[in-house]
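This report describes a protein chain through its core, its strands and its charged side chains. The sequence and the structure should be kept in view while reading.

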Amino acid sequence: MSRIGKKPVTVPAGVTAAIEGKTLSVKGPKGTLSISLADEVTYAIEDGSISVQPINETKRARSFWGMQRTLVQNLITGVTEGYSKTLQITGVGYRANVQGKNLKLQLGYSHDVDFAIPEGITIATPDQTTVHISGIDKQKVGQVAAEIRRWRKPEPYKGKGIKYAGEYIFRKEGKKK
């Protein structure tokens, strides 16, 4: 039994959910999201909640059960609250700023890095060393944050690079004299 899958996902006021064919679409105050439904699981919308149940007791159906319930929960949270990630840039001369539909990064390379901001994602730079990424799709927000971080991962000696807010960088000692 999936402990996560057993719990129904509550649909808050102001959010509507509908199953059309093989897609579940959720509409809320921040926008609309949809996922394709898995064949191994049944979905039911009843009295303000969405319940997810496996079709049979096979290992595949049970493994899909909890994950599909979590994906439905992510849709509901996305259209009500949204998701955000914060990146911090550390290093001399490293900075970021938003110019139109691009994020301009100066990361110690011989050229500036221009990162095109995808649809549905909002990027803000309150100061030159902080990047706030927000949107309604959890997967998309995390993917954009990972792509920006990939340009200059934090290194363990001086800690220079782009890191997630709250991320711990294991620091190494330099060469011994």
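Which residues have the most contacts inside the largest nonpolar core? The sections below begin with that point; the model under discussion is a predicted one.

## The nonpolar cores

The largest nonpolar core consists of 20 residues. Within this core, the residues with the most contacts are Ile 89, Leu 103, Leu 105, Ile 123, Val 131, Ile 133 and Ile 148. Two or more residues are given to the core by each of strand E7 (83-90), strand E9 (102-106), strand E10 (113-116), strand E11 (121-124), strand E12 (130-135) and helix H3 (138-149). Helix H3 supplies the largest share, which is four residues. As a general background, nonpolar side chains tend to be buried together in soluble globular proteins.

The surroundings of Leu 105 can be listed in detail. When neighbours within four places in sequence are left aside, Leu 105 is in contact with Ile 89, Arg 95, Ala 96, Asp 112, Val 113, Ile 148 and Trp 151.

Strand E9 has two faces. Leu 103 and Leu 105 make up the covered face, whereas Asn 102, Lys 104 and Gln 106 make up the uncovered one.

Which strands pair with E9? Strand E8 (residues 95-99) pairs with E9 in the antiparallel sense, over five bridges. Within this pairing, Arg 95 has Gln 106 of E9 as its bridge partner. The two strands form a hairpin with two residues between them, and Gly 100 in the turn has a positive phi of about 65°. E9 also runs antiparallel to E10, and four bridges join these strands. Here Leu 103 has Phe 115 of E10 as its bridge partner. The hairpin of E9 and E10 has six residues between the strands, and in it Gly 108 takes a positive phi near 85°.

## An open sheet of three strands

A further group of strands forms an open sheet. Its three strands follow the order E1-E6-E5, and their pairing is antiparallel. Strand E1 (9-10) and E5 stand at the edges with a single partner strand each, so one side of each is left without a neighbour in the sheet. E1 is joined to strand E6 (residues 49-54) by two bridges, in the antiparallel sense. In that pairing, the bridge partner of Val 9 is Ile 50 of E6.

## Salt bridges

How many salt bridges does the structure hold? There are six. In one of them, the side chains of Asp 39 and Lys 22 meet at 2.4 Å, N to O. This pair links distant parts of the chain, 17 residues apart. Asp 39 is in the loop between strand E4 (31-36) and strand E5 (41-46), and Lys 22 is in the loop between strand E2 (16-20) and strand E3 (23-28). Lys 22 counts as exposed because its relative accessibility is 52%, and the cut-off for exposed is over 50%.

Another salt bridge joins the side chains of Glu 40 and Arg 60 at 2.8 Å, N to O. This pair also links distant parts of the chain, 20 residues apart, with Glu 40 in the loop between E4 and E5 and Arg 60 in helix H2 (residues 59-80). Is Glu 40 buried or exposed? Glu 40 is buried, because its relative accessible area is 18% and buried means under 20%. Residues up to four places away in sequence not being counted, Glu 40 touches Pro 54, Ile 55, Arg 60, Ala 61 and Phe 64.

The side chains of Lys 176 and Glu 173 meet in a further salt bridge, at 2.6 Å, N to O. Lys 176 counts as exposed at 64% relative accessibility, and Glu 173 counts as exposed at 61%.

## Aromatic rings and charges

The structure holds zero aromatic pairs. Charged side chains do lie over ring faces, however. Lys 85 lies over the face of Tyr 164, at 5.3 Å from the ring centre. Arg 152 lies over the face of Tyr 109, at 4.4 Å from the ring centre.

Definitions and conventions. Residues numbered from 1 in each chain as written. Predicted model: local features only at pLDDT ≥ 70, side-chain atom pairs only at ≥ 80, totals over all residues. Heavy atoms only, no water. Salt bridge = Lys/Arg side-chain N within 4 Å of Asp/Glu carboxyl O. Buried < 20%, exposed > 50% of the residue type's maximum accessible area, 1.4 Å probe, protein only. Core = buried A, V, L, I, M, F, W, Y, C linked by side-chain atoms within 4.5 Å. Contact = heavy atoms within 4.5 Å. Phe/Tyr/Trp six-rings, centres within 6.5 Å; stacked < 30°, edge-to-face > 60°. Lys NZ or Arg CZ within 6 Å of the ring centre and 35° of its normal. Pairing = 2+ DSSP bridges.
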